[in-house]
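Colleague: I am new to this model and would like a close look at one part of it. Please take me through the salt bridges.

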Amino acid sequence: MTDPLHRSAPDVVLRPAAITDAPAFAAALTRNRAYLRRWEPVRPESFYTVEGQAARLTALLADRDAGRAMPWVLADADDRVIGAFTLSGVERGPFRNARLGYWVGEDRAGRGLATAAVGAVCDAARDRLGLHRVEAATVTDNAPSQRVLAKAGFERIGTAPGYLHINGRWSDHHLFQRLLHDDPPAA
């Protein structure tokens, strides 16, 4: 069976992030800086450099190696970064949970790529990590991301006032979850 990402965009791949992606991330984040600003924390100028992205990826990959995160790159046929998806805060034991964060570049938004990739990430969370639940949060006025989550099987479970510092202020967020299975935790 073909995966939903490949069906919606055969020229796009969701693959594990690597340190060698730093230049492509720096370019993609610079290209999408104004577009992403309303949903992201204020970033220092160094964040948009190759060195800044290398440092960010080094930390993410260390978290991956420690079993605390799973970072992916959404890339086009030329291996140009067009988005990113990350499971972070992976917890084991009775919780079996992770937090999902993602973005897709402005020139690819609204094409179903985020929905397909979120579905693939949730499949990996269930099948590779054995997680029970994935949670996500969106700024309350981020209707496109809320539609992505709803289409990918997430349910809204509440609203958290002042949840994250986004675009220079503490922002209320809608909270979402997707339960992946009802099996007991693995031993």
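How many salt bridges does the structure hold?

Modeller: This is a predicted model, in which local features need pLDDT of at least 70, side-chain atom pairs count only at pLDDT 80 or more, and totals for chains, interfaces and linings use all residues. Residues are numbered from 1 along each chain as its sequence is written, and side-chain values use heavy atoms, with hydrogens and water left out.

There are 13 salt bridges in the structure, each a side-chain nitrogen of Lys or Arg within 4 Å of a carboxyl oxygen of Asp or Glu. One of them joins D79 to R15, at 3.1 Å from N to O. These partners are 64 residues apart and link distant parts of the chain: R15 sits in strand β1 (residues 13–16), D79 in the loop between β2 and β3. Helices (H or I, at least four residues) and strands (E, at least two) are DSSP runs, numbered from the N terminus. R15 is buried at 18% relative accessible area, while D79, at 39%, is partly exposed. Buried means under 20%, exposed over 50%, and partly exposed in between (1.4 Å probe, protein chains only).

Another bridge pairs E45 with R33, their closest N and O atoms 2.6 Å apart. R33 belongs to helix α3 and E45 to the loop between α3 (33–36) and α4, so the bridge ties together parts twelve residues apart in sequence. E45 is exposed at 54%; R33 is partly exposed at 23%.

R80 also forms a salt bridge with D76, with 3.1 Å between the closest N and O atoms. D76 is buried at 9%, and R80 is partly exposed at 29%. Through shared partners, salt bridges join D76, R80, D107 and R108 into one network.
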